[in-house]
Amino acid sequence: MVIVMAAGATSADVQAVVTQVESVGGEAFVSRGISRVIVGLVGDVDLFAGLNLTAMRGVARVTRISAKYKLVSREHHPERSVVSVGGVPIGPSTVTLIAGPCAVETPDQTLAAARMAQAAGATLLRGGAFKPRSSPYAFQGLGQRGLEILADVREETGLPVVTEVVGAHDVDLVAEHADMLQIGTRNMQNFPLLQAVGAAGKPVLLKRGMNATIEEWLMAAEYIAQRGTLDIVLCERGIRTFETATRNTLDIAAVPVVQQLSHLPVIVDPSHSGGRRDLVLPLSRAAIGVGADGVIVDVHPHPEIALCDGPQALVATDLLALSRSVEKLTRVMGRQLSAPRHVPHEYQAA
Ligand code: PEP
Ligand code: MN
């Protein structure tokens with residue numbers, strides 16, 4: 001931390017600050033400029049948490065130097081992390097394609113979407129059983145039955161499952177069925193939920209809140225990490241801006257910014273950001289090109305009758321085109337597509 005003294009601060013004011021800092025076991029280094037004095041503090045920021053330095057006489061500003069988040073920060077963990085989801089890696093040397101329906105509707109629809117995903121080289125299956133819908137009249141998901149369908153489809157295809165949990169009371173149930181727990185944009189600051197998923201022992205996919213700054217997003221990840229899991233993947237899914245031409249504005253710069261600040265992998269959701277099928281391919285290209293560690297896309301065998309987010313769902317041919325593009329770009333970026341975990345031979349991508 002750095003304390004900037006006001007222009008009129010006296011030597012006694014400076015000394016009072018030094019005395020306070022030393023009283024809690026910190027060290028204070030005083031630098032005198034022509035018109036200002038700056039005091040540099042050395043010691044864990046927690047030491048200084050109980051001091052009200054801003055309120056002291058002669059203090060103009062107190063500035064933190066180290067990040068507020070510790071466990072997810074790159075400061076003390078310079079190597080970028082790899083998170084393994086049911087044996088599938090998400091991290092800096094791979095690009096992971098996650099695909100599946102927005103919502104689990106029926107066993108046939110889920111299996112058909114999973115087969116589409118697998119044929120295109122996706123290595124993880126997404127699909128919501130608990131859906132956080134903006135309208136209480138919209139399809140809310142199949143709940144536990146949806147989880148059972150996902151588990152059956154994993155059995156059939158070998159694809160590990162990523163699915164959302166919307167309430168702290170459902171965490172154990174979802175964790176019993178899923179390989180990765182998704183926290184959606186609407187719940188990014190549901191702190192009891194973050195703490196519950198952090199204690200569940202499964203990897204977590206943490207979507208960025210649609211109104212959240214990058215710092216708030218990383219603080220949300222810190223809540224999860226603090227409860228015991230560092231297997232967290234961050235997902236940029238678009239934020240609310242004044243622009244109405246797309247569902248949300250994909251903050252593509254967030255990917256390299258977060259990768260500099262945090263060791264956690266970062267993926268992009270081009271489906272929920274653009275909200276339109278025709279944008280999924282270009283936004284996926286942008287994501288891989290900017291260095292994202294993967295993309296998560298909505299697919300559906302019959303988008304015209306989808307119960308949720310049909311307009312952004314890809315059909316099989318779209319998804320194959322996307323995967324070809326992703327594969328080429330992955331090579332350009334010096335990475336490899338993440339390999340499937342053990343997959344029954346008859347389901348392997350051509
Ligand atoms: C989803 O992935 O199904 C979803 C609801 O996404 P988001 O939380 O980003 O809106
Ligand atoms: Mn959706």
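**Buried charge pairs and nonpolar cores**

Asp269 is buried in this predicted model, with a relative accessible area of 0%. Its salt-bridge partner is Lys207, and the closest N and O atoms are 2.6 Å apart.

In total, the structure holds 14 salt bridges. Another of them joins Glu236 to Arg208, with the closest N and O atoms at 2.9 Å. Glu236 lies in strand β12 (residues 232-236) and Arg208 in the loop between β11 and α7, 28 residues apart. Both Glu236 and Arg208 are buried.

Arg247 pairs with Asp309 at a closest N to O distance of 3.2 Å. Arg247 is partly exposed at 37% relative accessibility. Asp309 counts as buried because its value, 18%, falls under 20%. A network of salt bridges links Arg80, Asp293 and Arg335.

The largest nonpolar core has 57 residues. Val197, Leu206, Leu234 and Leu319 have the most contacts inside it. Helix α7 (residues 214-226) supplies the largest share, seven residues. Beyond its neighbours within four places in sequence, Leu206 contacts residues including Ile183, Met188, Trp217, Ile224 and Leu234. A second, separate core of 15 residues includes Val17, Phe48, Leu53 and Met56.

Methods:
Residues are numbered from 1 along each chain as its sequence is written. Chains are lettered from A and ligands numbered from 1 in the order in which they are written. This is a predicted model: local features need pLDDT of at least 70, side-chain atom pairs count only at pLDDT 80 or more; totals for chains, interfaces and linings use all residues. Side-chain values use heavy atoms; hydrogens and water are left out. A nonpolar core is a set of buried Ala, Val, Leu, Ile, Met, Phe, Trp, Tyr and Cys residues joined through side-chain atoms within 4.5 Å. Buried means under 20% relative accessible area, exposed over 50%, partly exposed in between (1.4 Å probe, protein chains only). Helices (H or I, at least four residues) and strands (E, at least two) are DSSP runs, numbered from the N terminus. Contact means heavy atoms within 4.5 Å. A salt bridge is a side-chain nitrogen of Lys or Arg within 4 Å of a carboxyl oxygen of Asp or Glu.
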